[in-house]
Amino acid sequence: MRFLSRSLFILLVLSVCYPTYAQEQKTAPAPAAGFQQPARYYLGSLGQGGPDQLLMTVNVWGFVQKPGQYLVPVNTNLVSLISYAGGPLEDASLGRVEVIRAAANDGQPAVVKVDVEEYLKKGDPSLLPVLRPGDTVVVRASRMYGVRKLLDYVWRIAVIIQAYALFSYYIGRS
């Protein structure tokens, strides 16, 4: 009987804690048949007389819908890149976005801090840096994100303690 109660308790703990660590894995779509690798850096005209565009590789990390590596036109701005990534998540802090340059003018990595919220309020494009090939954009979490995560863990632990107390109370009565 004691083995059964411990097994049920362990099963309860795992069922409450596992959803916190499990995440849906999304994979990139497979390239189309006949797709040539070098051509992916060049976007031909999309219509009659449309301009041809050179593409660059940039990375988007953090609190966006679809983080990853993107091929975007050379003249893409930061807001467009975040939009390509599906937009910011609810817990994103658009006031604390960072653009990490692989190599600045002096050959050293550089970090450019950008307040996208200010851009959205004023609409001044000079507030956004020019993206370069190889840039990594990091959208940070809001300050309340950590508090919400802590409260979520406390709630999960409280559920486990309550379930254990009820379980041991009813096992002790029988």
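Colleague: Which residue stands opposite Val137 in β6?
Modeller: This is a predicted model. In it, five bridges join strand β4, residues 92-101, to β6, and the two run antiparallel. Within that pairing, the residue opposite Val137 is Val99.

Colleague: Which strand is joined to β6 by four bridges, and in which sense do the two run, parallel or antiparallel?
Modeller: Asn59 stands opposite Thr136 in β6, and Trp61 stands opposite Val138. The strand joined to β6 by four bridges is β2, residues 53-62, and the two run parallel.

Colleague: Is β6 largely enclosed or largely open, and why?
Modeller: Strand β6 covers residues 136-141. A residue counts as buried when its relative accessible area is under 20%. Five of the six residues of β6 are buried, so the strand is largely enclosed by the rest of the structure.

Colleague: What pattern do the helices and strands follow along the sequence?
Modeller: The protein has four helices and six strands. Read along the sequence, they follow the pattern α-β-β-β-α-β-β-α-β-α.

Colleague: What share of the contacts between residues at least 6 apart in sequence joins residues at least 24 apart?
Modeller: The protein has 174 residues, of which 24% count as buried. For contacts between residues at least 6 apart in sequence, the share that joins residues at least 24 apart is 52%.

Colleague: How many residues apart in sequence are the parts that the pair of Phe63 and Tyr145 ties together?
Modeller: The structure holds two aromatic pairs. Phe63 and Tyr145 form one that is edge-to-face, at 4.9 Å centre to centre and with 75 degrees between the planes. Phe63 lies in the loop between β2 and β3 and Tyr145 in helix α4, so the parts tied together are apart in sequence by 82 residues. As for cover, Tyr145 has a relative accessible area of 26%, which makes Tyr145 partly exposed.

Colleague: Why is the pair of Tyr169 and Tyr170 classed as it is, and what is the class?
Modeller: Planes over 60 degrees apart count as edge-to-face. The ring centres of Tyr169 and Tyr170 are 5.1 Å apart and the planes stand at 75 degrees, so the class is edge-to-face.

Colleague: Which of these two counts as exposed, and which as partly exposed?
Modeller: The cut-off for exposed is over 50% relative accessible area. Tyr169, at 45%, counts as partly exposed. At 52%, the residue that counts as exposed is Tyr170.

Colleague: Which residues are linked with Glu98 in a network of salt bridges?
Modeller: A search of the whole structure finds six salt bridges. In one of them Glu98 meets Arg140, with the closest N and O atoms 2.7 Å apart. This pair links distant parts of the chain, as Glu98 is in strand β4 and Arg140 in strand β6, 42 residues apart. The residues linked with Glu98 in the network are Lys113 and Arg140.

Colleague: By about how much of the helix are Arg156 and Asp152 separated?
Modeller: Arg156 forms a salt bridge with Asp152, the closest N and O atoms being 3.2 Å apart. Arg156 is buried at 15%, whereas Asp152 is partly exposed at 25%. The two are four residues apart in helix α4, so their separation is about one helical turn.

Colleague: How much accessible area does the nonpolar patch of Met144, Val147 and Leu151 have together?
Modeller: Leu151 lies in helix α4, residues 143-173. Leu151 is exposed, with a relative accessible area of 54%. Together with Met144 and Val147, Leu151 forms a nonpolar patch on the surface, and the accessible area of the three is about 290 Å².

Note on methods. Residues numbered from 1 in each chain as written. Predicted model: local features only at pLDDT ≥ 70, side-chain atom pairs only at ≥ 80, totals over all residues. Heavy atoms only, no water. Buried < 20%, exposed > 50% of the residue type's maximum accessible area, 1.4 Å probe, protein only. Pairing = 2+ DSSP bridges. Patch = residues over 30% accessible without salt bridge, like charges linked within 9 Å, V, L, I, M, F, W, Y side chains within 5 Å. Areas by Shrake-Rupley, 256 points an atom, 1.4 Å probe, with all protein chains shown as cover. Salt bridge = Lys/Arg side-chain N within 4 Å of Asp/Glu carboxyl O. Contact = heavy atoms within 4.5 Å. Phe/Tyr/Trp six-rings, centres within 6.5 Å; stacked < 30°, edge-to-face > 60°.
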